[in-house]
Amino acid sequence: MKIKIFQFQVIDSDTEANLNKVEEMFRETDLGSTDVVVLPEMWTSGYDLENIRDYAADNLEPVKSFIGRLAADNDVTVVAGSIPNTYGGSGVYNTAFTVNNNGELIYEYSKMHLVPMLNEPEFLESGDKPAEVFEINGEPAGQVICYDLRFPELFRDLSLSGAKIIFVVAEWPIERTEHWITLLKARAIENQCYIVASNTTGTQQNGTQFAGRSMIINPFGEILAEAAKDTEETVTAELDLNYIAKVRKDIPIFDSRRKELYKYL
Ligand SMILES: O=C(O)CCC(=O)C(=O)O
């Protein structure tokens, strides 16, 4: 499965400019035989939380149709990061979604762990359904959002449910770059699965600088491809999903687990 992450600077509070930017990246990138394109967190709006209602989609529209068109025109699945989104009511969710190469929605998940450091709980509703496994071209995958990376139990749930690839879509700040890299690698090593992590770059109006360093990590914890911290670029790797079985055979942690002895699952 060939993956391409689009790492770019999200333009604050300007949905149309961000849609144009993504469309331009699709136009200008040689997608070749790419199967999956990956976008970052909150890419239609950035983190203008005080006014987030103004930028929110409703039931993912019109962004879902826009991405659906790009996916179908380019014959790729789009792991469409996340966007501010409402479900008819006044509450805004940070909702991740994926559209297949026919332009159909195949996954939707609202961030369940809101970030206290960003005051997300003040401005956003937390999703009350866990991230789940869905299939991309017949292969089981998961998609989680940024701060979710700090919760190993969520990744364990997904890998025990069969996920071979877990997409982490983020707007991760530069001052915690070491956490970003360490946790991404740890999640790959401890779950022996591929981790595909998309992040933004550049600086937000309020001064927050993002870490870039979008990356693709294999089930042994090796970085297969990675972006710089401060450039707009694409990150490409081809995943060998059979390699997962080899790593799990060589280091059989799933067979060695003693779940009857763990106090908190
Ligand atoms: O956990 C972190 O350090 C960053 C989390 C974050 O920025 C987010 O979830 O948007």
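I started at Met42, which counts as buried because 27 C-beta neighbours lie inside 10 Å. My cut-offs: a residue is buried if 20 or more other C-beta atoms lie within 10 Å of its own, exposed if 12 or fewer, and partly exposed in between, with C-beta atoms placed from the backbone. This is a predicted model, and I kept to its limits: local features need pLDDT of at least 70, side-chain atom pairs count only at pLDDT 80 or more, and totals for chains, interfaces and linings use all residues. Residues are numbered from 1 along each chain as its sequence is written.

I looked up phi for Met42 and found a positive value of about 45°, although Met42 is not a glycine. Met42 sits in the loop between strand S2 (36–38) and helix H2 (52–55). Helices (H or I, at least four residues) and strands (E, at least two) are DSSP runs, numbered from the N terminus.

Asn59 also has a positive phi, near 50°, and is not a glycine either. I placed Asn59 in the loop between S3 and H3. Asn59 counts as exposed, because 12 C-beta neighbours lie inside 10 Å.

I then checked the peptide bond from Glu61 to Pro62: it is cis, with omega near 10°. Pro62 lies in the loop between strand S3 (57–58) and helix H3 (63–74). I noted the background: most residues other than glycine have a negative phi, and most peptide bonds are trans.

**Helices H5 and H6**

I took helix H5 (residues 152–160) against helix H6 (residues 177–191). Their axes come within 10 Å and cross at roughly 40°. That angle makes H5 oblique to H6. Angles under 35 degrees count as roughly parallel, over 145 as roughly antiparallel, 65 to 115 as roughly perpendicular, and the rest as oblique. The axes are lines fitted to C-alpha atoms, for helices over the stretch in contact, and angles run from 0 to 180 degrees between N-to-C directions.

Which residues meet? From H5 I listed Pro152, Phe155, Arg156 and Ser159; from H6, Arg187, Glu190 and Asn191. Contact means C-beta atoms, placed from the backbone, within 7 Å. I sorted the residues of this contact into two nonpolar, two polar and three charged. Ala, Val, Leu, Ile, Met, Phe, Trp, Tyr, Cys and Pro count as nonpolar, Asp, Glu, Lys and Arg as charged, and the others, Gly among them, as polar.

**Ligand shell**

I listed the residues around the ligand: Glu41, Val115, Leu118, Cys146, Tyr147, Arg150, Glu171, Trp172, Pro173, Arg176 and His179. Near means a C-beta atom, placed from the backbone, within 6 Å. By class, I have six nonpolar, one polar and four charged residues in this shell.

I followed His179 into helix H6. His179 counts as partly exposed, because 14 C-beta neighbours lie inside 10 Å. His179 and Arg150 are 29 residues apart in sequence and 8.9 Å apart in space, C-alpha to C-alpha.

**Two buried residues**

I found Leu114 in the loop between strand S6 (105–110) and helix H4 (120–123). Leu114 counts as buried, because 20 C-beta neighbours lie inside 10 Å. Leaving aside neighbours within four places in sequence, Leu114 is in contact with Glu120, Pro121, Leu124 and Ser126.

Ile217 belongs to strand S11 (residues 215–217). Ile217 is buried, because 26 other C-beta atoms lie within 10 Å. Beyond four places in sequence, I found contacts of Ile217 that include Leu184, Ala188 and Tyr194.
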